[in-house]
Amino acid sequence: MADAAELEALVGTKTQSATVVIERAPLAFFAEAVFDDSQVYQDATVAEAEGFGAIPAPPTFPFVMDNWGRFPDIQGERVKKGPEGLSALGSVFSGGGLILHGEQSFSYERPVKVGDTLKGEGTVVEAYAKESKGKTMTFIVMETQWRDATTGDLVVTSRMNIINRV
Amino acid sequence: MTTGLKKSDLAIGMSAPELRHVLTRTDLVRYAGASGDYNPMHHDEVKATQAGQPSVFGHGMLSMGFLATAITTFVGIGNIVDYSVRFVSQTWPGEELVTKISVTGVRDEGDTHLVDLDVRLTNADGQEKVVGSASALVMA
């Protein structure tokens, strides 16, 4: 468990860097897994008829896309394993206890779509602890900005709030 | 963008059609594969019960994903600009999950028209699973 100074020092820590290519099959499979039967995700002709130049991704796909298409040959630098680079946090959660995904948000500049190559850079944006009912609650907020790898334009920002209760 | 909502058709308090789904263990296995989240609490009944859970339980991100399906069904695919949730409680196999989406605002940002939504996933008894908000582009 980290003290206040250690938590403060975590802010700005880089949690991950990953380059991913968005492919059709994982996206179509993901849509089925979130019970979305829209043919936009399955049939390129339907996507085109709906005005999409390429099949778009379901809204929460950015959370999982580095499990797909993160091939070694397109990585420029170090790659962190784990959901949004949780392992980069080191000893913060070493006190045991429950680790919970408390909140999640996405801000989209445009939909992610098949054929994109996106580069994600993650950082810790908040880290603090609170006492509650004799337990210590540690809050870590991580943000990953996914940019078009070619143009550098921001596509989607993912924010994850992790809570550790000891 | 799939055909979206029209600003003139929207009013505060309006509700989107509910989506309902009875969660199964197979759903959890499919989401594990689709997401790469192989935490055994979501697919391994033996490990989940050894850890003191009554059974395996659903991924929080599956709840958020199903709620997103209801949002895009309402506002049109490709139109969401912000989507944010808080995870309130676990989901369990056998539970019927219900999406509840209502309009909280209709606004303009320059030439852009937006709808703001209160978004919730509950079970059939109304117990909240995830609670949040979303904003999406709408047509004039």
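A: Start with pairing: two strands pair if DSSP finds at least two bridges between them. The model here is a predicted one.

Q: What makes β2(A) and strand β2 of chain B a pair?
A: Pairing takes at least two bridges. Five bridges join β2(A) to residues 80-87 of chain B, so the strands pair. They run antiparallel. Within β2(B), Val85(B) is the bridge partner of Gln104(A).

Q: How do you know which residues belong to the contact between chain A and chain B?
A: Contact requires heavy atoms within 4.5 Å. Chain A gives 29 residues and chain B gives 30 residues.

Q: Why is an area quoted for the interface?
A: Because the size of an interface is often given as the accessible area lost when the parts come together. For chain A and chain B that area is about 2,500 Å². Carbon and sulfur atoms give 66% of that area. On the chain A side, Val34(A), Phe35(A) and Tyr108(A) lose the most area to chain B, together 23% of what that side buries.

Q: How many salt bridges and how many polar contacts cross between chain A and chain B?
A: Polar contacts use N or O atoms within 3.5 Å. Eight residue pairs are in polar contact, both residues at pLDDT 80 or more.

Q: Which elements of chain A give two or more residues to the side that touches chain B?
A: They are α2 (24-33) and β2 (98-108) of chain A. The largest share, eight residues, comes from β2(A). By class, that side of chain A has 16 nonpolar, nine polar and four charged residues.

Methods. Residues numbered from 1 in each chain as written. Chains lettered and ligands numbered in written order. Predicted model: local features only at pLDDT ≥ 70, side-chain atom pairs only at ≥ 80, totals over all residues. Heavy atoms only, no water. Buried area = accessible area lost by both parts, 1.4 Å probe. Polar contact = N/O pair within 3.5 Å; in protein donor to acceptor, adjacent residues only side chain to side chain. Helix = DSSP H or I, 4+ residues; strand = E, 2+ residues; numbered from the N terminus. Nonpolar A, V, L, I, M, F, W, Y, C, P; charged D, E, K, R; others polar.
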